[in-house]
Amino acid sequence: MLRPAARPCACAGPALTGESSESMEHPRIFLPEGQEPPSARWHAENGAAAPKRVVIADDTMTADTAFRLASEGVGLLWRSDFQNARQLLQALMRRVDKPRKPKRKQAEPDTTPGAAFHRHRQIQAQRAHTLSMLLIPFDADYTIPLGRAPDAREACTEAWGPGMEPCVASLRELLGLIGAHEWRKKGVEVKALTARIHPHYGVFAPIRSEYVGLVAGSPLPAETLAFDIGTGTGVLAAILAKRGVAKVIATENDARAIACARDNIERLGYADKVEVVEADLFPEGRAPLIVCNPPWIPSTPSAPIERAVYDQGSRMLKGFINGLAAHLEPGGEGWLLLSDIAEHLGLRTRAELMAMIEGAGLQVIDSKNSRPQHPKARDPGDPL
């Protein structure tokens with residue numbers, strides 16, 4: 001917990017969230033000669049450019065040919081049975097994940113955690129780019145004009161807005177979109193709420209419970225008012241309301257997250273206690289308690305949803321720390337929920353974090369820690 005030195009206050013302990021996504025302009029993808037329409041709207045959640053070259057792919061194309069073309073950045077517009085496209089995607093995954101011997105002897109790789117992390121991200125980015133080359137067509141109402149195709153109209157409308165014209169997207173993105181739709185319907189059980197949070201497409205789901213438990217179990221400095229900075233799904237605002245805070249102002253600067261948080265607050269019955277507002281970090285005024293769970297890793301996100309994990313230049317972290325004193329009431333507390341993964345990766349030291357806090361005129365008055373429970377945290381082969 002943190003507090004302005006000799007005045008208001010702030011806090012440090014593990015955390016996770018802070019999502020954001022923004023509406024993007026949709027360029028056009030030009031289809032192979034003879035196709036109707038000759039071009040279509042291009043959807044790519046990560047903002048990737050449409051493939052410059054597109055060929056028709058169907059059951060006659062072998063997986064090896066498809067993999068070679070996809071590796072070269074050629075889009076494969078599928079025009080056959082939808083379920084066979086899924087099988088081809090699985091075949092591409094097997095090929096892209098197959099270990100390959102280097103063509104020439106290479107120097108021993110840097111084995112430090114930070115270097116391993118960056119290599120991991122580069123490999124994952126190349127993998128995602130190759131697999132995204134298998135493309136699926138959509139009619140103007142998001143009907144998929146392929147045999148045995150699922151009805152994805154509702155899922156697409158939730159994620160992309162109302163359909164207006166034929167479009168094309170990668171099969172991989174479509175499957176992720178359908179999965180997100182199911183998450184939204186089913187929800188994520190949050191024990192501290194004894195209820196479910198329903199994440200929208202593009203909004204980081206609270207599947208890690210450690211940081212939620214910290215907010216649910218720490219003594220409140222006051223029950224009159226609290227700010228939740230970068231609320232995401234609204235889970236922490238809901239926790240504070242459930243604990244008895246009379247008024248919670250939750251901020252977000254992402255349209256999807258704002259809609260998601262308002263939906264969850266309404267579902268949980270806290271609309272009279274929680275107000276979700278659009279703001280870049282802080283709302284107007286001061287509060288005796290300000291909570292923030294910024295992204296954990298000071299690195300560049302490659303897709304909108306990754307902004308919940310990657311904070312380029314530590315923008316959100318620094319913005320919260322530097323603006324905290326001006327928005328805390330005298331004697332107030334700021335709760336900074338922050339994973340120490342960046343320290344383990346060598347991307348930020350504890351000394352650097354403490355220097356940020358001290359430089360903002362804040363004082364750490366308490367610290368609570370929580371060990372990660374996710375199985376990947378105990379996997380020595382996973383750089384994260």
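Let's start in a loop: Pro37 lies between strand S3 (28-30) and strand S4 (39-42). The peptide bond that leads from Glu36 to Pro37 is cis, with omega near -5°. Please keep in mind that this is a predicted model, where local features need pLDDT of at least 70, side-chain atom pairs count only at pLDDT 80 or more, and totals for chains, interfaces and linings use all residues. Residues are numbered from 1 along each chain as its sequence is written, and side-chain values use heavy atoms, with hydrogens and water left out.

**The whole protein**

- The secondary structure comes to eleven helices and 16 strands; helices (H or I, at least four residues) and strands (E, at least two) are DSSP runs, numbered from the N terminus.
- The protein is as compact as a globular protein of its length, because its radius of gyration of 23 Å is close to the 21 Å that the globule rule gives for 384 residues. (The radius is taken over C-alpha atoms, and the rule is 2.2 Å times the number of residues to the power 0.38.)
- Along its principal axes, the C-alpha trace spans about 70 × 55 × 30 Å.
- Of the 384 residues, 51% count as buried; buried means under 20% relative accessible area, exposed over 50%, and partly exposed in between (1.4 Å probe, protein chains only).
- Among contacts with a separation of 6 or more, 69% come from residues 24 or more positions apart, where contact means heavy atoms within 4.5 Å.

**Strands S14 and S15**

- Strand S15 (residues 328-337) is largely enclosed by the rest of the structure, because seven of its ten residues are buried.
- Strand S14 (residues 287-292) pairs with S15 in the parallel sense over five bridges; two strands pair if DSSP finds at least two bridges between them.
- Val291 stands opposite Trp335 in S15.

**A buried residue in a helix**

- Thr130 is found in helix H3 (residues 113-131), and it is buried, with a relative accessible area of 3%.
- Leaving aside neighbours within four places in sequence, Thr130 is in contact with Phe67, Ala70, Ser71 and Val96.

**Two loop residues with positive phi**

- Thr194 sits in the loop between strand S9 (188-190) and strand S10 (195-197). Its phi is near 50°, a positive value in a residue other than glycine, and Thr194 counts as exposed at 61% relative accessibility.
- Leu281 lies in the loop between strand S13 (274-278) and S14. Its phi is positive, about 75°, although Leu281 is not a glycine, and at 14% relative accessibility it counts as buried.
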